[in-house]
Each structure stands twice: as structure tokens, then as C-alpha cells.
Amino acid sequence: MPRVYTNRRAHHEYELLERFEAGIALTGSEVKSVRAGGVDFRDAFARLTGGNIELEGLYIPTYTEATYNNHEPRRPRRLLLHREEIGKLKRALEQKGLTLVPTRLYQKGRVFKVELALARGKKLHDKRRAEAEKTLRRELREL
């Protein structure tokens, strides 16, 4: 059964505006390591560099069974998007306060996909309001 890794922190820290699905370029040892588990989104973000989108800070642990040709756990990984989508993201990222955050990593068929979200950072009062609404919904469900 394919695993789905989610960035739960992104939902708390950011207001997610628009989502995109992108392929991710992985090496063989990274693919085996993702299937084995242990992906960490803690410091992950996407950046536009030279007309490409790269995912930086995503932690994929080294694969213990790999040879000397193992991968770096936090290396930048290229994301595969159509040119039109990259252009749309470039225009959106030029706006002040918007960033590109990975929200999920999952397997679709034989390939791995990353769900990216165009996001705006939440302020402390927004986080408190969201927490209060969540608590209220939970209490209403219990009644």
C-alpha cells in the first residue's frame, strides 16, 4: 500500500491558497528510502531558481542498504512542472508575502508526486481564531 506523507505543520503555519501537483526527481536510493519511511517536512520549502522549481530542506534519510553511491538527506530536488504552471507560480511568488510550501508527498502509480501549495503566512491571532473554531466544531459534534 503506498504511503502518503503530509506536512501537518503547513496547515497550522500558513493559509493555503492554491494547490499544484508536481513530479519530483529522485535517485534510486531516495526512492527506496521513501518507500521504507521516515520523510520529514520540517524545514521544507520550494524555490524558483533559473526557470525551475526546486524543493529544498526535505529530509529523506539515507538508505542503509545502498552502496557508496548514497544520497545526501537534505539535497535540493528538482520538481517537474509544465512551463505554464511554472510561469503562473513565478507571477504569484512576485507578490509580497506569498511562498511555496510542500503539503504532501505520495506515490501515484510508479512515480512520486509532491503537492505544493501557494501559501500566505498566518499571524498569531489567525492561528488563535482557527484553533477556537476547531474547538467549537469539536464540541458541537460531541453534542
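A residue counts as buried when its relative accessible area is under 20%, and as exposed when that area is over 50%. The views below show a predicted model.

**View 1. Thr103, a buried residue in strand β6**. Thr103 has a relative accessibility of 0%, which is under 20%, so it counts as buried. Its place is in strand β6. The side chains of Thr103 and Glu115 are joined by a polar contact of 2.7 Å. Apart from neighbours within four places in sequence, Thr103 touches Tyr5, Thr6, Asn7, Ala10, Leu16, Arg19, Glu115 and Ala117.

**View 2. The largest nonpolar core**. This core has 26 residues, and those that touch the most other members are Ile24, Val39, Ile53, Leu58, Leu79 and Leu105. At least two core residues come from each of β2 (14-24), α2 (28-36), β4 (52-56), α3 (83-93), β6 (98-108) and β7 (111-121). Strand β7 gives the largest share, 4 residues.

**View 3. Contacts of Ile24**. With neighbours within four places in sequence left aside, Ile24 is in contact with Leu55, Leu58, Arg77, Arg78, Leu79, Leu80, Leu105, Phe112 and Val114.

**View 4. A nonpolar surface patch made by three leucines, Leu136, Leu140 and Leu143**. The patch covers about 380 Å². Leu143 is found in the segment that follows α4 (124-142). Leu143 has a relative accessible area of 84%, which is over 50%, so this residue is exposed.

Terms used:
Residues are numbered from 1 along each chain as its sequence is written. This is a predicted model: local features need pLDDT of at least 70, side-chain atom pairs count only at pLDDT 80 or more; totals for chains, interfaces and linings use all residues. Side-chain values use heavy atoms; hydrogens and water are left out. Patches are made of residues with over 30% relative accessible area and no salt bridge: like charges are joined within 9 Å, nonpolar side chains (Val, Leu, Ile, Met, Phe, Trp, Tyr) within 5 Å. Accessible areas come from the Shrake-Rupley method with a 1.4 Å probe; for residues, only the protein chains shown count as cover. A salt bridge is a side-chain nitrogen of Lys or Arg within 4 Å of a carboxyl oxygen of Asp or Glu. Buried means under 20% relative accessible area, exposed over 50%, partly exposed in between (1.4 Å probe, protein chains only). A nonpolar core is a set of buried Ala, Val, Leu, Ile, Met, Phe, Trp, Tyr and Cys residues joined through side-chain atoms within 4.5 Å. Contact means heavy atoms within 4.5 Å. A polar contact is a pair of N or O atoms within 3.5 Å; within protein, one must be able to donate a hydrogen and the other to accept it, and residues adjacent in sequence count only if both atoms are side-chain atoms.
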